[in-house]
Amino acid sequence: MGVIDYISDFFSVSPATGKKRKPMQTVEIKVKMDCDGCERRVRNSVAHMKGVKQVEVNRKQSKVTVTGYVDRNRVLKKVQSTGKRADFWPYIPYNLVAYPYVAQAYDKKAPSGYVKNAVQAFPTPNALDEKLTFLFSDENPNACSIM
């Protein structure tokens, strides 16, 4: 934590209430929506919350994206209050994962271009170091071509 972060904590407190302001964040929630009415109900429940700047609903992917000065858990509870089953968005883009076809990461229900956010899909932290050391080792016959 740097000096600027330390000083900014003092300025992020509102003088009237003395409470710390919530950080700007994007909350992605998975909600099953079947029709325009479901989509409208979910959008209206979240759009009127304090601190919400933008609400995007993608019915094809069953995804609601809320941007603003909000709390993740409050947004989830507000969406669940509509009677819909909602969870935090469990998927990440396909190109960010090293092993997308690992059993825990691949999901047939995932939207196209996404896989589950699973620990097994990411490479081990030392895997890159091992590859780099092998490039310049004496046991690698192609090491001279790299240099």
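Visitor: In which loop does Ser62 lie?

Guide: Ser62 lies in the loop between E2 and E3. Helices (H or I, at least four residues) and strands (E, at least two) are DSSP runs, numbered from the N terminus. Please note that this is a predicted model, in which local features need pLDDT of at least 70, side-chain atom pairs count only at pLDDT 80 or more, and totals for chains, interfaces and linings use all residues. Residues are numbered from 1 along each chain as its sequence is written, and side-chain values use heavy atoms, with hydrogens and water left out.

Visitor: Is Ser62 buried or exposed?

Guide: A residue is called buried under 20% relative accessible area, exposed over 50%, and partly exposed in between (1.4 Å probe, protein chains only). Ser62 has a relative accessible area of 12%, so Ser62 is buried. Contact means heavy atoms within 4.5 Å. Leaving aside neighbours within four places in sequence, Ser62 is in contact with Ile29, Lys30, Val31, Lys32, Met33 and Trp89.

Visitor: Where is Ser112 found, and is Ser112 buried or exposed?

Guide: Ser112 is found in the loop between strand E5 (91–93) and strand E6 (114–116). The relative accessibility of Ser112 is 69%, and therefore Ser112 counts as exposed. Ser112 and Pro93 are 19 residues apart in sequence, while their C-alpha atoms are 9.1 Å apart in space. For the chain as a whole, 29% of the 147 residues count as buried.

Visitor: What order do the strands of the open sheet have?

Guide: Strands of a sheet pair through backbone hydrogen bonds, either parallel or antiparallel. Two strands count as paired if DSSP finds at least two bridges between them. Here an open sheet of four strands has the order E2-E3-E1-E4, with antiparallel pairing. Strand E2 (52–58) and strand E4 (86–88) are the edge strands, each pairing on one side only. From one strand to the next, the twist averages 25°.

Visitor: How many bridges join E1 to E3, and how many join E1 to E4?

Guide: Strand E1 (residues 25–31) and strand E3 (residues 63–68) run antiparallel and are joined by six bridges. Ile29 stands opposite Val64 in E3, and Glu28 has Thr65 in E3 as bridge partner. E1 and E4, which also run antiparallel, are joined by three bridges. On that side, Val31 stands opposite Ala86 in E4.

Visitor: How do the axes of helix H2 and helix H3 cross?

Guide: Axes are lines fitted to C-alpha atoms, for helices over the stretch in contact, and angles run from 0 to 180 degrees between N-to-C directions. Angles under 35 degrees count as roughly parallel, over 145 as roughly antiparallel, 65 to 115 as roughly perpendicular and the rest as oblique. The axes of helix H2 (residues 36–47) and helix H3 (residues 72–80) come within 9 Å and cross at roughly 140°. H2 is therefore oblique to H3. Val42, Ser45 and Val46 of H2 make the contact with Val75, Lys78 and Val79 of H3.

Visitor: How many helices and strands does the secondary structure of the chain have?

Guide: The secondary structure comes to five helices and six strands. Along the sequence, the chain follows the pattern α-β-α-β-β-α-β-β-β-α-α. Among contacts between residues at least 6 apart in sequence, 54% join residues at least 24 apart.
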